[in-house]
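Dear colleague,

Please find below the sequence and the structure that I am handing over to you. My account of what was found follows directly after them.

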Amino acid sequence: MYHSSTQKRDWLFKDQQSINVKREAANRAFCSAHEASAQEKGVQLLTPVEEDIVVQYYLKKLVEFCSLFNPPSWAPLPKTALVTAVTYYKRLYTQCSVMEFHPKDMFLCCVFLAFKVDEYNLSLEQFVNMLAPHLIQSTSEYIISHELLLLKKLQFQLTVHSPFRPMSGFILDMKTRAPQLPNPDMFRKVADSFLVQSLGSDVAFLYPPSQIGLAALWHSAKQTHNRVDGYILSVLLNSEGSDTIDTIMDLLQKIEDLVFSVKLPDGAMLAPVEAKLQQCSIQALTIATTTTKRKRQSEDNLSVGGSDGKKHRSDQEPSPWSLEID
């Protein structure tokens, strides 16, 4: 049940500002830990805004990748599996920096884990065979080596409550308790599209799945020139009064506005940020730091023990393998 779930307890935020604070804290933590390395290399670390561009771009790639798993080659991918994959991805980058884990790699880990959790059964070999041939081996190894890390970052909270289920439940309920709506199934196609588009926003961090599902139906009814206000008032709210219906309508409007306010970045927006990320990723910074340390160590060795750069035997520390044992 959603009301007793970790999704509600740990991943339902008071407002957008609370989400932004958490993401900014993740960016700040990485920058604090690697600021010295970045200064040594002379590179700038990503800002929270730049991180968001990277995350949102690869979110779009995640959805596109999941769309490949459909007939005739595959069984239809349940929409709940798509929601689960996106949720894992967004939760990860709400608490981690893209400079630590690049989304182009981690989104595949999120998708593969979501497929397993939602029992969309396929092997890792089948999964990576959807990629370009030169990526198959490296991606397979990456998923294997990072799956446990992803589980830990998600705090093993793997159950995701999808808005698709309550939306379908409302349609079934309309068929039995709203005879004035002759064909509630006509709302499904537009509502499905609305819910897929909602994945690009933070709506799932701000509203329960049932409210998002209802907003999808409300939006679909408007698009098809129908009204579900009567159903909401008389059936769902049991005619509680005009103030209540106004509150619900205002809530549904806020959800709709939030969903359509998000514009996912394109390749042109990503390019300069991606170039910057290549220089300030943890791998690049670690290599730079290691190289600098080796160079300094070499210079220190050259400055000790004469021009040949070697210490005299008496100045060297004894090898642990040369110690005599009584």
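This is a predicted model: local features need pLDDT of at least 70, side-chain atom pairs count only at pLDDT 80 or more; totals for chains, interfaces and linings use all residues.

Residues are numbered from 1 along each chain as its sequence is written, and side-chain values use heavy atoms, with hydrogens and water left out.

**Overall architecture**

The protein chain comprises 14 helices and zero strands. Helices (H or I, at least four residues) and strands (E, at least two) are DSSP runs, numbered from the N terminus. Of the 326 residues in the protein chain, 44% count as buried. Here, buried means under 20% relative accessible area, exposed means over 50%, and partly exposed lies in between (1.4 Å probe, protein chains only). Among contacts in the protein chain with a separation of 6 or more, 76% come from residues 24 or more positions apart; a contact means heavy atoms within 4.5 Å.

**The nonpolar core**

In soluble globular proteins, nonpolar side chains tend to be buried together. A nonpolar core is defined as a set of buried Ala, Val, Leu, Ile, Met, Phe, Trp, Tyr and Cys residues joined through side-chain atoms within 4.5 Å. The largest such core in this model has 95 residues, and those with the most contacts inside it are Leu62, Phe69, Tyr89, Val111, Phe115, Phe127 and Ile232. Helix 5 (residues 103–117) gives the most to this core, with ten residues. Beyond residues up to four places away in sequence, valine 111 touches Leu62, Phe65, Cys66, Ala85 and Phe127.

**Helix packing**

Two packed helices are described by the angle between their axes and the distance between the axes. Axes are lines fitted to C-alpha atoms, for helices over the stretch in contact, and angles run from 0 to 180 degrees between N-to-C directions. Angles under 35 degrees count as roughly parallel, over 145 as roughly antiparallel, 65 to 115 as roughly perpendicular and the rest as oblique.

How are helix 5 and helix 7 oriented to each other? Their axes come within 9 Å and cross at roughly 70°, so the two helices are roughly perpendicular to each other. Residues of helix 5 that include Leu108, Phe112 and Leu113 meet residues of helix 7 that include Tyr142, Ile143 and Leu150. By class, this contact has ten nonpolar, two polar and three charged residues. In this classification, Ala, Val, Leu, Ile, Met, Phe, Trp, Tyr, Cys and Pro count as nonpolar, Asp, Glu, Lys and Arg as charged, and the others, Gly among them, as polar.

Helix 2 (residues 16–41) and helix 4 pack at an angle of about 60°, with their axes 6 Å apart; they are therefore oblique to each other. Lys22, Arg23 and Ala26 in helix 2 meet Lys90, Tyr93, Thr94 and Gln95 in helix 4. The class count for this contact is two nonpolar, two polar and three charged residues.

**Individual residues**

Is aspartate 192 buried or exposed? With a relative accessible area of 16%, aspartate 192 is buried. Aspartate 192 lies in helix 9 (residues 188–198) and touches Lys79, Phe164 and Met167, not counting residues up to four places away in sequence.

Serine 201, in the loop between helix 9 and helix 10 (209–223), is buried, with a relative accessible area of 4%. A polar atom of the serine 201 side chain lies 2.8 Å from the backbone oxygen of serine 198.

Glutamate 100 is located in the loop between helix 4 (79–95) and helix 5 and is partly exposed, at a relative accessible area of 26%. Glutamate 100 and phenylalanine 30 are 70 residues apart in sequence, yet 7.6 Å apart in space, C-alpha to C-alpha.

**Backbone features**

The peptide bond from proline 71 to proline 72 is cis, with omega near 5°. Proline 72 lies in the loop between helix 3 (48–66) and helix 4.

Glutamine 155 has a positive phi of about 60° although it is not a glycine, and phenylalanine 156 has a positive phi near 60°. Glutamine 155 is found in the loop between helix 7 (136–153) and helix 8 (164–177). At 44% relative accessibility, glutamine 155 is partly exposed.

With kind regards

How values were computed
A polar contact is a pair of N or O atoms within 3.5 Å; within protein, one must be able to donate a hydrogen and the other to accept it, and residues adjacent in sequence count only if both atoms are side-chain atoms.
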